[in-house]
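Trainee: Could we go through this structure together? I would like to begin with its surface and then move to single residues.

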Amino acid sequence: MTETTKFPGWHGTTIVGVKKGNKVVIAGDGQVSLGQTVIKGSARKVRRISPGGHDVICGFAGSTADAFTLLERLEAKLEATPGQLAKASVELAKDWRMDKYLRNLEAMLIVTDGTDLFVITGAGDVLTPENDIAAIGSGGNFALAAARAMMDSKKDAEEVARRALEIAAEICVYTNGNMTVEVIEK
């Protein structure tokens, strides 16, 4: 294939994580785009997993197959280290960076257990976001800015995440308002 006929690739997604008060929320839109075409508007990019009886919420941006591979790996790491999200996340990031197969995966994750909030990247990063807000995907910067503007308001974490995603959907053509929202309350 020449550069001009290259497959257009998957675009889109906005995932935002907000930690405020006793709640941590991860919200994601439902749009999947192929080039300039919306091919699905109701994808579920935020999932709750419960390895070892410990709830963890994961939101992903990037290739769906790659993201599910990472979610399965994270779940296995959490089963090996129950209740230790930080350790499981670091172990996943190390594998992702070192393993020849995993290194080619194109996705990012936001994960929380209700205490910690992390962004996990293929560069081997496990980041704790500033201001208790994490956002990834094509509309991530819009959602991040909107959420930061609302953190001093009386809105709780879920209201901040929902409104931030709504704002991102108004601006980013690769993001829609069809949300999946998961909450962990401590």
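Predicted model: local features only at pLDDT ≥ 70, side-chain atom pairs only at ≥ 80, totals over all residues.

Trainee: What about charges: how far apart are the mean positions of the positive and negative ones?

Mentor: They are 1 Å apart. The protein has 22 positive and 24 negative charges.

Trainee: Moving to the fold, how many helices and strands are there?

Mentor: The secondary structure consists of 4 helices and 12 strands. The radius of gyration is 16 Å, close to the 16 Å that the globule rule gives for 186 residues, so the protein is as compact as a globular protein of that length.

Trainee: What does the C-alpha trace span along the principal axes?

Mentor: The span of the C-alpha trace is about 50 × 40 × 25 Å.

Trainee: What share of the contacts with a separation of 6 or more joins residues 24 or more positions apart?

Mentor: Such residues account for 62% of those contacts.

Trainee: Where is methionine 151 found, and is it buried or exposed?

Mentor: Methionine 151 is in the loop between α3 (140-150) and α4 (157-171). Its relative accessibility is 16%, and because buried means under 20%, methionine 151 counts as buried.

Trainee: Which residues is methionine 151 in contact with, leaving aside its neighbours within four places in sequence?

Mentor: They are Val18, Lys19, Lys20, Asn131, Asp132, Ile133 and Val160.

Trainee: Asn131 and Asp132 are on that list. Where are they placed?

Mentor: Asparagine 131 is in the loop between β10 (126-127) and β11 (133-137), and aspartate 132 is found in the loop between β10 and β11 as well.

Trainee: How accessible are asparagine 131 and aspartate 132?

Mentor: Asparagine 131 is partly exposed at 42% relative accessibility. Aspartate 132 is likewise partly exposed, at 36%.

Trainee: Lys19 was also among the contacts of methionine 151. What about threonine 115: which residues is it in contact with beyond four places in sequence?

Mentor: Threonine 115 is in contact with Lys19 and Lys186. Threonine 115 lies in the loop between β8 (107-112) and β9 (117-120) and is partly exposed, with a relative accessible area of 43%.

Trainee: How far are the C-alpha atoms of threonine 115 and glutamate 185 from each other?

Mentor: The separation is 9.1 Å, although these two residues are 70 apart along the chain.

Trainee: A last topic, the cysteines. How many disulfides does the structure hold?

Mentor: The structure holds 0 disulfides.

Trainee: Are cysteine 58 and cysteine 172 buried or exposed?

Mentor: Cysteine 58 counts as buried, with 0% relative accessibility. Cysteine 172 has 7% relative accessibility and counts as buried too.

How values were computed:
Residues numbered from 1 in each chain as written. Heavy atoms only, no water. Helix = DSSP H or I, 4+ residues; strand = E, 2+ residues; numbered from the N terminus. Rg over C-alpha atoms; globule rule 2.2 N^0.38 Å. Contact = heavy atoms within 4.5 Å. Lys, Arg positive; Asp, Glu negative; His and termini not counted. Charge placed at Lys NZ, Arg CZ, Asp CG, Glu CD. Disulfide = S-S within 2.5 Å. Buried < 20%, exposed > 50% of the residue type's maximum accessible area, 1.4 Å probe, protein only.
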